[in-house]
6 protein chains.
Amino acid sequence: MFFHIKELQYNAKPDRPDPVYAKKLQEVLGGQFGEISVMMQYLFQGWNCRGEQKYRDMLLDIGTEEMAHVEMLATMIAQLLDGAPANVQEEAAKDPVIHSVLGGMNPQHVIVSGLGVTPTDSVGYPWNSRYIIASGNMLADFRANLNAESQGRLQVVRLYESTTDKGVRDMLSFLIARDTMHQNQWMAAIEELEASQKPIVPSTFPQDLEKQEVSYSFMNFSQGEESRNGRWASGPSMDGQAQFEYIHEPKAMGQIPVLGQAPAYIHNSPIPGVPAPAANQPESHFVHS
Amino acid sequence: MFFHIKELQYNAKPDRPDPVYAKKLQEVLGGQFGEISVMMQYLFQGWNCRGEQKYRDMLLDIGTEEMAHVEMLATMIAQLLDGAPANVQEEAAKDPVIHSVLGGMNPQHVIVSGLGVTPTDSVGYPWNSRYIIASGNMLADFRANLNAESQGRLQVVRLYESTTDKGVRDMLSFLIARDTMHQNQWMAAIEELEASQKPIVPSTFPQDLEKQEVSYSFMNFSQGEESRNGRWASGPSMDGQAQFEYIHEPKAMGQIPVLGQAPAYIHNSPIPGVPAPAANQPESHFVHS
Amino acid sequence: MFFHIKELQYNAKPDRPDPVYAKKLQEVLGGQFGEISVMMQYLFQGWNCRGEQKYRDMLLDIGTEEMAHVEMLATMIAQLLDGAPANVQEEAAKDPVIHSVLGGMNPQHVIVSGLGVTPTDSVGYPWNSRYIIASGNMLADFRANLNAESQGRLQVVRLYESTTDKGVRDMLSFLIARDTMHQNQWMAAIEELEASQKPIVPSTFPQDLEKQEVSYSFMNFSQGEESRNGRWASGPSMDGQAQFEYIHEPKAMGQIPVLGQAPAYIHNSPIPGVPAPAANQPESHFVHS
Amino acid sequence: MFFHIKELQYNAKPDRPDPVYAKKLQEVLGGQFGEISVMMQYLFQGWNCRGEQKYRDMLLDIGTEEMAHVEMLATMIAQLLDGAPANVQEEAAKDPVIHSVLGGMNPQHVIVSGLGVTPTDSVGYPWNSRYIIASGNMLADFRANLNAESQGRLQVVRLYESTTDKGVRDMLSFLIARDTMHQNQWMAAIEELEASQKPIVPSTFPQDLEKQEVSYSFMNFSQGEESRNGRWASGPSMDGQAQFEYIHEPKAMGQIPVLGQAPAYIHNSPIPGVPAPAANQPESHFVHS
Amino acid sequence: MFFHIKELQYNAKPDRPDPVYAKKLQEVLGGQFGEISVMMQYLFQGWNCRGEQKYRDMLLDIGTEEMAHVEMLATMIAQLLDGAPANVQEEAAKDPVIHSVLGGMNPQHVIVSGLGVTPTDSVGYPWNSRYIIASGNMLADFRANLNAESQGRLQVVRLYESTTDKGVRDMLSFLIARDTMHQNQWMAAIEELEASQKPIVPSTFPQDLEKQEVSYSFMNFSQGEESRNGRWASGPSMDGQAQFEYIHEPKAMGQIPVLGQAPAYIHNSPIPGVPAPAANQPESHFVHS
Amino acid sequence: MFFHIKELQYNAKPDRPDPVYAKKLQEVLGGQFGEISVMMQYLFQGWNCRGEQKYRDMLLDIGTEEMAHVEMLATMIAQLLDGAPANVQEEAAKDPVIHSVLGGMNPQHVIVSGLGVTPTDSVGYPWNSRYIIASGNMLADFRANLNAESQGRLQVVRLYESTTDKGVRDMLSFLIARDTMHQNQWMAAIEELEASQKPIVPSTFPQDLEKQEVSYSFMNFSQGEESRNGRWASGPSMDGQAQFEYIHEPKAMGQIPVLGQAPAYIHNSPIPGVPAPAANQPESHFVHS
C-alpha cells in the first residue's frame, strides 16, 4: 500500500518557460530508460521477489523513490510549458524564432495535454512495459538495473548540458546525484550476490550440460584481428573456470538446412514435379544430415 | 559488408515436430532478450562506435555471430512446425490432445507464415527496436550487453528444462555455452573500461556539479528496515569516493507544486471566479515557493 | 513524494495455484482498463492539475490507492503461478489436462518472468501509455475516468464469474466494491463541474463560432429509421440549448475533392499529357469549387 | 454494406497550404481521440450490439458519419501539404523561415506519403485499435463515447485557436458543432439506459457479493485533507444506495506478502541455505497469513 | 460521405459456435493483411489520389467494399463466440475438452469484448496503421495492393482448410472469390500503368543520376551459386534496358568507416590519451578516405 | 552463418554534417520500407523456404546484401550528426537558424544515441517486425518484395531531391541503382513462378470451391461510374479464366444480422423485459435468416 506526501522530493522550479526543452526533458520521464521505466522495473521486481525479504524491501524502497522522480519531472515539464504560444496572430507567424519554437515543440503538449506533461519520450512515443524486466533471477535483474541507471544518468547529463536554465540544472543535479547512488547500489548488490553464487547467470544450471568446448572462445567473424587486443580474448575467464581462447577462423559445426515441403492444406509454393504431402496425412519432412 | 555461409554455426535438428514448443522457442528468437535483440544491439553499437577500433571490431564480430544464432533458431522452429495439424476432421476434433495442441499453438504459424518461423516472441508480439540501446558510451552499453546475455541465458535454460527432445537440447546446450562466453566477455570488457575511467557512467561529468549530499545515501521509503541489511546501506561506496549512508526517514526537500492557470486559448478547466489569462497575452504562472 | 506500507490494502490469497487463470487476471492489471491504467491516469491528471487544489489532492489520493490495487493483483498472480509445470516428463506429456494447462498458460510466465507477474494484459500485450489521458480539462478527464471505472468493474465481474476459487473471489469482491465507489466518485465530481459550467466540453468555446445549424441534428446515415426511437432523436437537447432534430436523409454540404498534382520532385504518379509542376517552382493546385 | 457519395459532408478548403499545421491537424484524424477512433469504436460497438436494434442502428449511423469526417480531414490535410518545399536550393537553406517550416513538418509527409495524409497522429505515431472499446455493455461503452467526444471537441477547439486560416476554421466549426451534437447524443443515451438500470456498471452483478463496507468510502491516501471538500466525500452516493464516507487514515486490511520459492527448474535466484523445491515435484509455497 | 445498408454483402452464418476458431478468424479481420488493412489502404490511397479521377473512384469503390467485408467477418466472429463457456463449475473444470477450449480461446473475447469481435489479429495484437501505405505513386501502391490481396487470399484459404463448418466455409468462399477478382484487378491496373510509364518506380527519376554500373547486377553474397539458376541472373532485364549480370564475388567499393570523436558535452566513451573536442567548439571528425 | 567485411559496399561520406537531414534519412534505414525491413524480410523468407534451393540461396544472397545497405546508412547518419549543437549558449539561443536546426533534429540523436544512428524511422518510431512477411508462398512473397523495392526506391529518390550534399547524393545514387536491380529481380522471379503456376495466389486452391459468380466482377460502390474506364472493368481477366464484368449497382446478398443475447455471466447490457440466458446454460442465439 502507498501513501502520498505533497512536497516534492526536491525542487522543480525552472527559471522560465521553455517548451522546446520540455519536449526534450520528456525523454528521462517516459523514455526507454526514463524514470517511469525504473519505477516500474523496481516495483515489479519487488512484487515478484521470492528471495530474502531484505531484497524485496530494498527494491520497493527504491521503486517508491523513483515515483517521486517521475513526479518531479512531471511538475517541471508542466511549468516549462507555461504560456506556450498556441494562438499565433498573423504578424507573429512571420517571426522565425516563434516559428522555430512552434516547430520544435511537441504538438501534443498543446493539443492533447493542454500544457501538461505526457507519459511519452522526447519524440512523443508512448512508454510501454516491454522496457522493463523482472525475471525472478536477482543477479540478472540487478544487472538490468545497473544498466538502466547508467543509461539514465548519461541521458540526464546530456540534458544538463543542453540548457542554461539554473532552476532546471538544479533539479537535474539532484537526479544525477541519485543516479550516482543507484549505480553504486546495484554494484554493491551485484557484488554481494556474486559472492554467494557463481557470476554466470543462472548459476544453478549444471555446466556439464552446456557445450563446453565453446564456452570460453572468442570467435572472430570478420576480416582483421583488432578484436584480439582485448581482455576478452586471452587470459583467465572472468568466472575463473578456464582461459579465454581466440578463434581466428571459426568453422561451421552444423548442417546445411533443407526443409521438407509443407502439407497441401498449407498452400505454400508448389514445387514443380513434387506433389505436396496429402492433406490430412501430414508427413514430417525435416531432414537430418 | 557481409557474406553468408550455408552451413549453420551448429546443429539445429529436432527429434520430432512439436508445434507447441515451437511457439515457446520464439521467445529467444524474437523476444525482448532474444537473438534478434543482441544481434541488432551489437551491430548498432559497432556502427556507432567512436572509440578504439578494437571495440568496433569486437562488437561487429559478436553481432555477426548472433545473426548465425537467429538463423539456427529460425531453422529449428520451422522444423518443429513440420506437419502441424491445421486441417482437422470431425473425429479428430474430439480428441482432447489434438485440441490442446491446436489451442497451444501460435495460430499465425499456420495462417500467416505457413509453418515458418515468425519474427515475434512467445506470445506473438513483434520484435521492435526499442529493445536495444547503442548510446555512444561503451561502459553504459557493455552493462546493457551483460544484462542481455544474463537474461538470455536464463531464458534458454528455462526452455531447455521445458523439453525432453534431445535434438533441441543439443542445440540449446550450444547457445547456453556461447552465452557463458558472452557473459564472460562483457565482464572482461567492463573490467577493462572501469580500469581506465571511473565506474560511474558517464565518468566525464564533473562530480562537483551534482548534488553531492545525496550521492551516497540509501533512502528508506517504507515501513521497516530490512533494507538496511545489505552491502548498499553501509561501508565504502563501490566507486571508492565515500561511505554509504542509510537514511531512516528521508525528508522532502522540494516545494508543494502549485501550477498556474493555462491561457484561455487552451480551454482547460475554468476555475470559478478566476479569469483565464487572456488569449495572446500568455502570462507565466509557475510558482516559486 | 511517496511512501510504501508493507501490508496490502486487502487480502490477496488464492486457495490454490491456477496458472491459466493467472493469465486471464493479467487483463485487469496491465490491460487497456487495468489498474496500471487508472493509476497512471489519475497521477498524471493530478500532476497536470491547474485547477483548485481539492481536485489535485483528490486525484493523487485515488491514484495512490490504485497503486495498491496494482500491488494486490501482482501478488495474487505470482501466487497463482506457484509451481507451474514447466518441466514435463514424457508421461506427463500424454496427459491432456496437463497439456491444456500448458497450452492455456502465458509462456512468458515461465520463460521471461520465472513465475512472476508481467506488466501485460491477458494476451501478453504490454501496457502502454496511449491508454491514458490527462487533457488539462477536468470535465473531459472525469468522463474518461468514469468510463475507465465502468469498463474496469465490468471486466473484474467477468473474471469473478470465471473462477470458483474463494480466495480469488474474496479479493475481487474488494476491487468490485472500490469500483462501485469510484464510479460514484466520478459521477459526483462530474455533477459538481457541470453545475458550474456548461456540460459541453470545452464550455469556454463561444458557441456562435461553431456551425450551429448542425449542432443538434441526428443524421440517419443508413437505410431504415430504428435510430429515430431514442432519446437522442427528439425532445430538448441535454445541454438545454435546443431541440434534437432527426435528419432522415442527410445531404452532402461539401465539394467533390480534386487534388492538384504534386511538384515533380515528389515523383508521384505521372499523369499522361499533364506535366508535373517544375521542381523549385511549387504551384499550389488545391481546387476550390 | 456501405456506399460512397463523392461529395464531402462539408467543405474542406484551406485558404493556403500550411505544412506545419497539416502535421498538427493529423492529431484529430489519427490520434487517440481522432476521427478514426470514433469511427472504428462506433462501428465495432454496432457490429457487436446484442441489444435492441435501435441502438445498433444508431451506432452504425454515427459510425458511418464519422467516416465522412475522416474523409474531410484527409482531404484538408492533403491540400495543406500542396507544394511543400522538399527540394531546397543552397540559398533557400539559409532562410530561417524555410528552415523552421522544414523542421516543423512531419518528414513522412514528403518521404512516405508524397504530400498526402497519413493515418497517424501529430507526432507521427500510427493509429492502433487499442484506442477503442466495444465491451458488449452499452452503458459502459456510451460513457467511453461521451469521453471520446469530449476529448475530441477539446482538441479540435485547440486546433481552431492555432490557425487563422478561414477555410480551415470553417471546416473545424462544422466538426465542433457535430461534436456538440454527439456529446448531447451520448448524454441522452446514457440517461435513457440509467433510467432502466442502475447507474453502476454492470448493473446486473448482485451487490451483496461485493465487499460492501468499502463501496462508498473515499480514502485519503495523502497528507492533508483538501480532498474532503468535494461532492464525492459526503452526502448521498450518486446511485442512491448509501452515504459517502471520508476515511481520514485508511488502514491496510491485507497480509504482508511472502512468496514461496520457485521450483528448481525455473532457475530463479538461489537463496543461501534454502534448497529449491526439486524439479518435477513442484510444491506450492504461497503463504496464507 | 458514406451510407450504410443493413444487409450484409454476403451471408455470415456459422453452423455452430466455435470460440477457438473465432480467435483464428480474427487474423483476416484485424491482422497485417486483414480486411481492415485493405479497407484503410484503399481509402487512404483514394483520398490522396492526385491522378486521374478514374483511379480515385476505383480506389474508393473497392475501399468501400472492403468495409463490407470487415462487417461480415465481425458478424461471423460474434456468432462463433455465442455462449462461450466463461463460467466453469468445478466438475466442468475436469473435462479436458472444455479445458482446451478455454485454453485455446482469446481471453479478451470474454473479459474485454463480452463475446464480441475485437479489432485485433489471431494472437490478440491490435491493428495499427503502419500496416498500410498510400505513397502518392500509384504504380508503387498498386503493387502493395496486389501483395495484400495475395497474402489475404492465402490466409483465407488456410482458414478455410482449418474448419469443417459449412456456414463458415460458405462465407469464406465468397471472400476467396472476391480476392480472385481483386488480384486480377490490381494486375490489370498495374499493366495499364506500366504501359504508360516505365516499370521501375518511380519512372520519373532520370536514370543517368543513378550508379548505373550496378543497376542490373545480381550479387552473390554467399558460398555456392544456386542463385545463378534463375531468370534474374541472366538474359534481358525486365525493364528492357540491359542484360542481367551475375557477380560471382562482389567486391566492396567503399571505405572502412572511422568515426570521429563526439564533442565533450555528449559524454560518450572517453578514449585514453585522446581529449574530446572541447564543449562549444564542436569539431567535425568524419573521415574521408 | 555470416562473415563481416570491414569495407562498406559503397562510399558513405557526406560533404558536411547536417543533423536535420540525418533525421530524415532514418526513414530508409528504419522505416516501414527501409533497409532493415528488406534485410529481415529476405532473410526470414530464405530461412523459411521449403521450395527449390535456388530460391533459398537467392533470398539469402539479397538479404545479406541488404545488411550492407543498413551498414552504409548507419555510417552515413552517424557522420551527418558529427558535432551537432547540443550545448547552446545564451547568445546562440537567439539565432533562429540554430533554433530551427535544434527544432528540426531528432532529440534522441543527442540524448539517447550520443550522435549515433537509431533503429527508427524519420519520426523516431521504432522498427518493428510487423513490417515484414514470410508467408511460405513464394509468389505472394515476391509480390511483397516488389512492392518493398518500389516504395523503397521512391523514398530514396525523394530524399535525393531533398539534399544538395554531393557525398550523400553519391551514396543514394548507389542505393537507387540497386533498387533498380531489385525491382527487376523480383519482376523476373515473379514471371518465372507465374509461368509454372496460375497467377492467382494460392494457385493450389480448387477454384470450384470459391463463389465463382463474383470472381470477376468489379463492384461500383459509389455514385458515378468513372471507375468503369479502367482495364479492370472489362475485357479478359488477367488470369485468362473469364471476362471482367462491371456491376453498376451491387446488391446485398446476405442477411440483416441479429445477434442473440449473451449469457448472464457475461454481464452485457440487460434488455428490458428479456431475461438473459441463465448462467451455465449457455444457449446459442445466433440467427439464421
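The model is predicted: local features need pLDDT of at least 70, side-chain atom pairs count only at pLDDT 80 or more, and totals for chains, interfaces and linings use all residues. Residues are numbered from 1 along each chain as its sequence is written, while chains are lettered from A and ligands numbered from 1 in the order in which they are written.

**Chains C and A**

- Chain C has 39 residues in contact with 39 residues of chain A; contact puts the C-beta atoms, placed from the backbone, within 7 Å.
- On chain C, the elements giving two or more residues to this side are β1 (2-4), α3 (35-47) and α4 (53-80). Helices (H or I, at least four residues) and strands (E, at least two) are DSSP runs, numbered from the N terminus.
- The largest share of this side, eight residues, belongs to α4(C).
- By class, this side of chain C holds 21 nonpolar, 15 polar and three charged residues. Here Ala, Val, Leu, Ile, Met, Phe, Trp, Tyr, Cys and Pro count as nonpolar, Asp, Glu, Lys and Arg as charged, and the others, Gly among them, as polar.
- Strand β1 (residues 2-4) of chain A pairs with β1(C) in the antiparallel sense, over three bridges. Pairing requires at least two DSSP bridges between the strands.
- F3(A) has F3(C) as its bridge partner in β1(C).

**Chains F and E**

- 112 residues of chain F are in contact with 112 residues of chain E.
- Elements of chain F that give two or more residues to the side touching chain E are α3 (53-80), α6 (138-161), α7 (166-196) and β2 (217-219).
- Helix α7(F) supplies the largest share of that side, 15 residues.
- That side of chain F has 53 nonpolar, 39 polar and 20 charged residues.
- The same surface serves both copies, as 100% of the contact residues of chain F recur in chain E.

**Domains and core**

- Chain A is assigned domain 1 (19-196), domain 2 (207-247) and domain 3 (259-289); the bounds come from an automatic or database domain assignment.
- The centres of domain 1 and domain 2 of chain A, taken over C-alpha atoms, are 37 Å apart.
- The largest nonpolar core has 565 residues, and I77(A), I77(B), I77(C), I77(D), I77(E) and I77(F) have the most contacts inside it. Such a core is a set of buried Ala, Val, Leu, Ile, Met, Phe, Trp, Tyr and Cys residues joined through C-beta atoms within 7 Å.
- Leaving out residues up to four places away in sequence, I77(C) touches A22(C), L25(C), Q26(C), L29(C) and V117(C).

**Backbone features**

- Most residues other than glycine have a negative phi, and most peptide bonds are trans.
- A cis peptide bond joins V201(A) and P202(A), with omega about -10°. P202(A) sits in the loop between α8 (166-196) and β2 (217-219) of chain A.
- H267(D), not a glycine, has a positive phi of about 60°. H267(D) is buried because 26 other C-beta atoms lie within 10 Å; the cut-off for buried is 20 or more, with C-beta atoms placed from the backbone.

Methods:
Two residues are in contact if their C-beta atoms, placed from the backbone, lie within 7 Å. A residue is buried if 20 or more other C-beta atoms lie within 10 Å of its own, exposed if 12 or fewer, and partly exposed in between; C-beta atoms are placed from the backbone.
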